[in-house]
Amino acid sequence: MAREFQRGHKAKISDLTAGTDLYVGVQIAGPGLTFDISCFGLDAAEQLSDDRYFVFFNQPKSPEESLQLLGAQAGDTESFRVTLDKIPSHIQRLSFTAALDGAGQMSQVAPGYLRIVAGGEEVARYSFSGAEFSTERAVMLGDIYLKDVWRFAAVGQGFDGGLDALLRNFGGEVAEEEPAPAPSGGTPGFAPPPGGGQSPGFAPPAQSAAPPAFGAPAGPAPAQHIPPQQAPPEPAPAAPPVHAAPTIAAPLGQPGPGAPAPSAPLPPGYGAQPGAPTAPPGYGQPPAPPGQGRPSAPLPPGYGGQPGAPVPPPGYGQQGAPAAPTPPPGYAQPPGQFGGQQAPGAAPQQAQSPGVAAAFSLYKEAPTGQRWTQQNAKLVRVDLGVGGQPVLARQGSMVLYQGKVEFGYKGAGFAGRIVGNATGQEMQLMRASGRGQVFLAEEATHLHPIELQGDAICVSAENVLAFDESLQYEVRRVEGHGIPGGALFTMQFQGTGTIIVRTHGIPVVLPVTPTTFADCNAVVAWSAASQVIVSSQVRMRRNAYPGHTGESVNLQFRGAPGNFIVVQPYEV
């Protein structure tokens, strides 16, 4: 049974299959778009230290042939053979990428996927669509990496730049000309998904008898994307041992073009449909039979809910294809991201489908492209892949992340803790690094990104949500008389980068004048060039009587034109 992955999900290869001879297929396409699909063999530092492990159209295999480019087959735009047992110890990560060759951007990409097949059976699939990207020209689809054991991660990270930019990002050098030993006669034979016949010898765990089983799943896959290849599936059903394979085949066929659907979990017929081979073709697309009751009716070509659906679905548990329940499976979302039914045609129709998806359409993720993107007044996203530097944020402020992100504790040191405790400006921080997007929020407070270009700003530690690690910060003292301790304190940030300031409610920004005063508990930030003085209205005579105004200590601001203060409608 194929396992469906979402962006950011990870799993051990051993939990997916016992085999180490894997077929990795990528299906990606778009109107008028051409793609360069490659595999980068990276070292422990995630750098291309040995360019012989950069497998692409001009270098179709690694020295020991542990990585091989197989070409288009079984409905996949490009495919690879990965033999984990042969990969040398200095290669600890395989990054599968797709880059645009020519004009266009990733937002134009139709639903696609990256899948792993072992022994002729699909064991993992990561589906994606152009709706997840913006102006990027490349995408890091998935990684197979070594961390004690080999693991798989669905990345789905957009990247600004083409193949050359990706190569530089991994520390490689772009040569003017490179030899092109493109043709690799042996690889095609491996083709796992296409047909048992092609890759008999490859059968995953090296079982000579496996070829048939191997071919079985392959047949369905082509059907989903390329109707003409539906013929191979017919032979596959002939072998009773591979009956289970068809089960997988069905899922493979459905996501073919639409690739958005997680075939493993929801695919109807996934249970074990003897007629699976037949169902996949129909399911794949044109044939009316596809209406097989796949709950993804909304997405599949048979969007209506084809009568034929009852046959395969019965096994699935949704006898009434037409019934509304079918869509619920699709509930995953019209895009077909959630349900196994969402196969091929699903993606295009997702935007139009009504229901839950439509209800939340107004809250879709804002387009990317910038390092910091405000999703709404109370949620901000930082793309760690832009700029390549880590971010420091309040502990516990992460509400969602996508991609390969590592979170670590950011200590202030012994001296820093003492100063923080003494001044009330201690910040409990965490460090986020890697390649991915992190969404930050805190108690539904309003967030305000402030970009510094070599200048400085003073902000109370209580009002800081996150900032680029490149910024310098320190505790600053505000002199004053007549108050306990003789001073107040704040944090000063300076340098080049962005700081996210949080406020309770919508703040007001005022220019600094000689008569500008603010409550020290309500002021959030001010320009570092402003002169700040603590103004106290404590009087012995006034304090000799009971009662007080609650406004005994304020901050007075002075400065040249252009200076400002930020005050929130809330007192800490």
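Mentor: Helices (H or I, at least four residues) and strands (E, at least two) are DSSP runs, numbered from the N terminus. This is a predicted model, in which local features need pLDDT of at least 70 and side-chain atom pairs count only at pLDDT 80 or more, while totals for chains, interfaces and linings use all residues. Residues are numbered from 1 along each chain as its sequence is written, and side-chain values use heavy atoms, with hydrogens and water left out.

Trainee: Where is Asp148 placed, and what is its phi?

Mentor: Most residues other than glycine have a negative phi. Asp148, however, has a positive phi of about 75° although it is not a glycine, and its place is in the loop between strand 11 (138-147) and strand 12 (149-159). Ala74 also has a positive phi, of about 55°, without being a glycine, and it is found in the loop between strand 6 (67-69) and strand 7 (78-83).

Trainee: Is Asp148 buried or exposed, and is Ala74 buried or exposed?

Mentor: Buried means under 20% relative accessible area, exposed over 50%, and partly exposed in between (1.4 Å probe, protein chains only). Asp148 is exposed, because its relative accessible area is 75%, whereas Ala74 is buried, because its value is 1%.

Trainee: How many aromatic pairs does a search of the whole structure find?

Mentor: Rings of Phe, Tyr and Trp (its six-membered ring) pair if their centres lie within 6.5 Å; planes under 30 degrees apart count as stacked, over 60 as edge-to-face and the rest as tilted. The search of the whole structure finds twelve such pairs. Among them, Phe56 and Phe57 are edge-to-face, at 5.0 Å centre to centre and with 75° between the planes; Phe56 is buried at 5% relative accessibility, while Phe57 is partly exposed at 40%. Phe467 and Phe493 form another edge-to-face pair, with 5.0 Å between centres and 65° between the planes. Phe467 lies in strand 19 (residues 464-468) and Phe493 in strand 21 (residues 487-503), so this pair ties together parts that are 26 residues apart in sequence. Phe467 is buried, with a relative accessible area of 0%, and Phe493 is likewise buried, with 0%.

Trainee: Which residues do ring pairs link into a cluster?

Mentor: The cluster is made of Phe40, Phe54, Phe56, Phe57 and Phe170.

Trainee: How many salt bridges are found in the whole structure?

Mentor: A salt bridge is a side-chain nitrogen of Lys or Arg within 4 Å of a carboxyl oxygen of Asp or Glu, and the search finds 16 of them. One of these joins the side chains of Glu46 and Arg435 (2.9 Å, N to O). Glu46 lies in the loop between strand 4 (35-42) and strand 5 (54-55) and Arg435 in strand 17 (residues 429-440), so the pair ties together parts that are 389 residues apart in sequence. Glu46 is partly exposed at 25% relative accessibility, whereas Arg435 is buried at 13%.

Trainee: Which residues are linked in a network of salt bridges?

Mentor: The network links Glu46, Arg93, Asp143, Lys404 and Arg435.

Trainee: How many disulfides does the rule give?

Mentor: A disulfide is a pair of cysteine sulfur atoms within 2.5 Å, and by this rule the count is zero.
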